[in-house]
Amino acid sequence: MAAPENPTPERLTKYFRFRPEFEPRFEVRNTLLVVAILITTATYQAALSPPGGLWQDSSHGYPAGTSIMAANRVASYVMFVFFNSVGFFLSLFMIIALTNGFPMKTTLAIALNALIWTYDASMAAIAPNRIVEWIFYAISIVLPLIAGLVIGTLKVKFEEPQPEAPRPPV
């Protein structure tokens, strides 16, 4: 009996590669929606409980409830805020794109906007000072706009043209 072959990165990549002929579109869409929701959940939770925690009292010179990381490691905090926000806003963008055409679209849009506003409010509330707070506001306004433009540009550039539907005879 021959020994089983060891899995190599190439073989594993080939095994787990998306194959549209075997996987229906709705399953792919549902899977992407679950992944986007998980990313949204993780990044929102990270905004509420940042690395290092929050000051519990004002005895250290910072108001209670502000980020310890922001006070001690400003560059790390700015990177955390930036990349956490990238993940949050892109996952919301995925949710919007994947639920396009679903019923109750207006209700979903209101709920997602409320989620964005509470994310913004919590990130601003834990900022150690007004400068960092305003940097976050700038990131939260500019980042979704840039992400939408970049994704739209990439979609136009790399999306394969769809064949035209046959026209009915006149």
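The model is a predicted one, and every value reported here is computed from it.

The buried residues of α4 are Tyr77, Phe80, Val81, Asn84, Ser85, Gly87, Phe88, Phe89, Ser91, Leu92, Ile95 and Leu98. An α-helix has 3.6 residues a turn, so residues three or four places apart point the same way.

## Overall fold

The chain contains six helices and zero strands, and its elements, read from the N terminus, follow the order α-α-α-α-α-α. Of the 170 residues in the chain, 26% are buried. Among contacts in the chain with a separation of 6 or more, 64% are made by residues 24 or more positions apart.

## Packing of α2 against α4

Helix α2, which covers residues 25-48, and helix α4, which covers residues 74-98, have axes that come within 8 Å and cross at roughly 150°. The crossing of α2 past α4 is left-handed. On the α2 side the contact is made by Arg29, Leu32, Leu33, Ala36, Ile37, Ile39, Thr40, Thr43, Tyr44, Ala46 and Ala47, while α4 contributes Phe80, Asn84, Gly87, Phe88, Ser91, Leu92, Met94, Ile95 and Leu98. Sorted by class, this contact comprises 14 nonpolar, five polar and one charged residues.

## Aromatic pairs

A pair of aromatic rings is described by the distance of the centres and the angle of the planes. The model has seven aromatic pairs. One of them joins Tyr44 and Tyr119 in a tilted arrangement, with 6.4 Å centre to centre and 40° between the planes. This pair links distant parts of the chain, since Tyr44 belongs to helix α2 and Tyr119 to helix α5 (residues 105-125), 75 residues apart. Tyr119 has a relative accessible area of 0% and therefore counts as buried, the cut-off being under 20%. Tyr44 and Tyr119 also belong to one aromatic cluster together with Phe88 and Phe89.

Phe82 and Phe83 form an edge-to-face pair, 5.1 Å centre to centre with 80° between the planes. Phe82 is partly exposed because its relative accessible area is 34%, which falls between the limits of 20% and 50%, whereas Phe83, at 52%, is exposed.

## Two loop residues

Pro50 sits in the loop between α2 and α3 (68-72) and is buried, because its relative accessible area is 4%. Apart from neighbours within four places in sequence, Pro50 is in contact with Ser67, Phe80 and Ile126. Pro50 and Tyr77 are separated by 27 residues in sequence, and their C-alpha atoms are 8.9 Å apart in space.

Most residues other than glycine have a negative phi. Met104, although not a glycine, has a positive phi, near 60°. Met104 lies in the loop between α4 and α5, and its relative accessibility of 62% is why Met104 counts as exposed.

Methods: Residues numbered from 1 in each chain as written. Predicted model: local features only at pLDDT ≥ 70, side-chain atom pairs only at ≥ 80, totals over all residues. Heavy atoms only, no water. Axes fitted to C-alpha atoms, helices over the stretch in contact; angles between N-to-C directions. Helix = DSSP H or I, 4+ residues; strand = E, 2+ residues; numbered from the N terminus. Left-handed = near helix turned anticlockwise from the far one by under 90°. Contact = heavy atoms within 4.5 Å. Nonpolar A, V, L, I, M, F, W, Y, C, P; charged D, E, K, R; others polar. Buried < 20%, exposed > 50% of the residue type's maximum accessible area, 1.4 Å probe, protein only. Phe/Tyr/Trp six-rings, centres within 6.5 Å; stacked < 30°, edge-to-face > 60°.
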